[in-house]
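Please look over the sequence and the model below before reading on. The briefing that follows is grouped by topic.

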Amino acid sequence: MDYENILSKKVQDLQFSGIRKFFDIAASYDDVISLSVGEPDFKTPWAIRKEAIKVLEKGRTNYTANSGLAQLREAINDYLTDRINTSYDPSHEILVTVGGSEAIDLAVRALVDTGDEVLIPQPSFVCYSPIVTLANGTPVIIETSVEDGFKLTAKALKEHITPATKALILPYPNNPTGAVMRRNDLEEIAEVLRGTDIIVISDEIYSELTYGDEEHCSIVNIDGMKERTVLINGFSKAFSMTGWRLGFAAAPRPIVTQMLKIHQYGIMCSPTLSQYSAVVALKDCKKDIEYMRNEYDMRRKLIVKGFNEMGLECFEPEGAFYIFPSIKKTGLSSQQFCEQLIEKYRVAVVPGDAFGECGEGYIRVSYAYSLQHIKTALERIKLFLEELGVL
């Protein structure tokens, strides 16, 4: 069989995730300290796990409604009302998905026709461009820089809008940089979008992991933006529920209706066990979120201090659980730095160019790990820099 001619050219041209590449390399060694994957090291809060046990004991393992359990959609609306002071119709404007990733995919496929352009700020999570490509859309990259705090600026947005622009993906708090768009930043973006038909896909999966005195602000809170925004969120990061595979989208009814069609045919419904458990997560686990956020904040301060003391300039993240230090002074490319670090000193981090070409010269380091884990990794990275002669 000539599989090269049989398989989709579009899919063959996609690259595998640069994140998973170094995760797989790390898994091939026994003594690696991995700071490569954005997975919380906390166990899922006990109240959630306890509910899952009860659900299994009662045999509640049937399909749910395609859009998700009614009580979960109501709980999601209550959560959004509490956290961002915005409400949705649980019956028609909220869709429960298999992780935030499915919600992003559904939003793109429901919006994009062949040739439509989708604006994507980078560095950013690895899934956006491939999802747009698979929907026959055209990814249009907007490069952000450390000089602008890795934020999307109104000027850059305006320069990239064309008559073919259909949507803007707004990935903040940002993976990999930890950048956050504050209210004044979002108001400037909103001003550019007013008077257009451009839809915003706002990926807010890290919204609960925002540090400092100013709380997370969603673009739906800006005048005129709710009607043109698909808000994406989920349970993986804030609730430490990565393997439960549960997310959601909230958007105007006409958009959710089309997303539901795709979800209906491709998925049927999200995992029933996860849905029942997520109701408890939203209602009873606020203190758990606060505890984990405070722990991440301690780690954030430690790891930023550690890299800056080693002379690797590190933008101070205000959200998520990643830092994005520059390794340009080493003279190595991002790939070379990460390959040598894992081979010689058994520390796994992710090359910055995995998140877009403008990420070259940086590495992504996750601090979703214990303090001791982080301290050991910093000690090994320091030895590596000494060997390179840059420390």
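**Asparagine 175 and its surroundings**

Not counting residues up to four places away in sequence, asparagine 175 touches Pro123, Ser124, Phe125, Tyr206, Tyr322, Phe355 and Arg364, where contact means heavy atoms within 4.5 Å. This is a predicted model, in which local features need pLDDT of at least 70, side-chain atom pairs count only at pLDDT 80 or more, and totals for chains, interfaces and linings use all residues. Residues are numbered from 1 along each chain as its sequence is written, and side-chain values use heavy atoms, with hydrogens and water left out.

- Asparagine 175 is found in the loop between β5 (165-170) and α9 (183-193); helices (H or I, at least four residues) and strands (E, at least two) are DSSP runs, numbered from the N terminus.
- With 5% relative accessibility, asparagine 175 counts as buried; buried means under 20% relative accessible area, exposed over 50%, and partly exposed in between (1.4 Å probe, protein chains only).
- The side chains of asparagine 175 and arginine 364 make a polar contact (2.8 Å).
- A polar contact is a pair of N or O atoms within 3.5 Å; within protein, one must be able to donate a hydrogen and the other to accept it, and residues adjacent in sequence count only if both atoms are side-chain atoms.

**Overall chain**

- The protein chain has 14 helices and 12 strands.
- The radius of gyration of the protein chain is 21 Å, close to the 21 Å that the globule rule gives for 391 residues, so the chain is as compact as a globular protein of that length. The radius is taken over C-alpha atoms, and the rule is 2.2 Å times the number of residues to the power 0.38.
- The C-alpha trace spans about 60 × 60 × 55 Å along its principal axes.
- Of the 391 residues in the protein chain, 57% are buried.
- Among contacts with a separation of 6 or more, 75% come from residues 24 or more positions apart.

**Aromatic pairs and charges over rings**

- The count comes to 15 aromatic pairs. Rings of Phe, Tyr and Trp (its six-membered ring) pair if their centres lie within 6.5 Å; planes under 30 degrees apart count as stacked, over 60 as edge-to-face and the rest as tilted.
- One of the pairs is phenylalanine 150 with phenylalanine 315, edge-to-face at 5.4 Å centre to centre and 90 degrees between the planes.
- This pair links distant parts of the chain, 165 residues apart: phenylalanine 150 is in the loop between β4 (138-143) and α8 (154-160), and phenylalanine 315 is in the loop between α12 and β9 (322-323).
- Phenylalanine 150 counts as buried at 2% relative accessibility, and phenylalanine 315 counts as buried at 17%.
- Tyrosine 206 and phenylalanine 321 also form an edge-to-face pair, with 5.5 Å centre to centre and 85 degrees between the planes.
- Tyrosine 206 lies in the loop between β6 (199-203) and β7 (229-234) and phenylalanine 321 in the loop between α12 and β9, so the pair ties together parts that are 115 residues apart in sequence.
- Tyrosine 206 is buried, with a relative accessible area of 4%; phenylalanine 321 is buried at 0%.
- One aromatic cluster is formed by Phe42, Tyr206, Tyr291, Tyr296, Phe321 and Tyr322.
- Arginine 60 lies over the face of tyrosine 276, at 5.2 Å from the ring centre, and lysine 226 lies over the face of tyrosine 88, at 4.5 Å from the ring centre. A charge sits over a ring if NZ of Lys or CZ of Arg is within 6 Å of the ring centre and within 35 degrees of the ring normal.

**Helix α14**

- Helix α14 (residues 371-388) has 18 residues, which at 1.5 Å a residue should span 26 Å; its end C-alpha atoms are 26 Å apart, which agrees. The expected span is 1.5 Å times one less than the number of residues.
- Its buried residues are Ile374, Thr376, Ala377, Leu378, Ile381, Phe384 and Leu385.
- The cover over these buried residues includes β1, α12 (286-309), α13 (334-345) and β10 (347-348).
- Glutamate 379 is found in helix α14 and is exposed, with a relative accessible area of 53%.
- Glutamate 379 and serine 87 are 292 residues apart in sequence and 47 Å apart in space, C-alpha to C-alpha.

**Serine 34**

- Serine 34 is in strand β1 (residues 33-34) and counts as buried at 15% relative accessibility.
- Its side chain makes a polar contact with the side chain of serine 36 (2.7 Å).
- Leaving aside neighbours within four places in sequence, serine 34 is in contact with Ala348, Tyr369 and His373.
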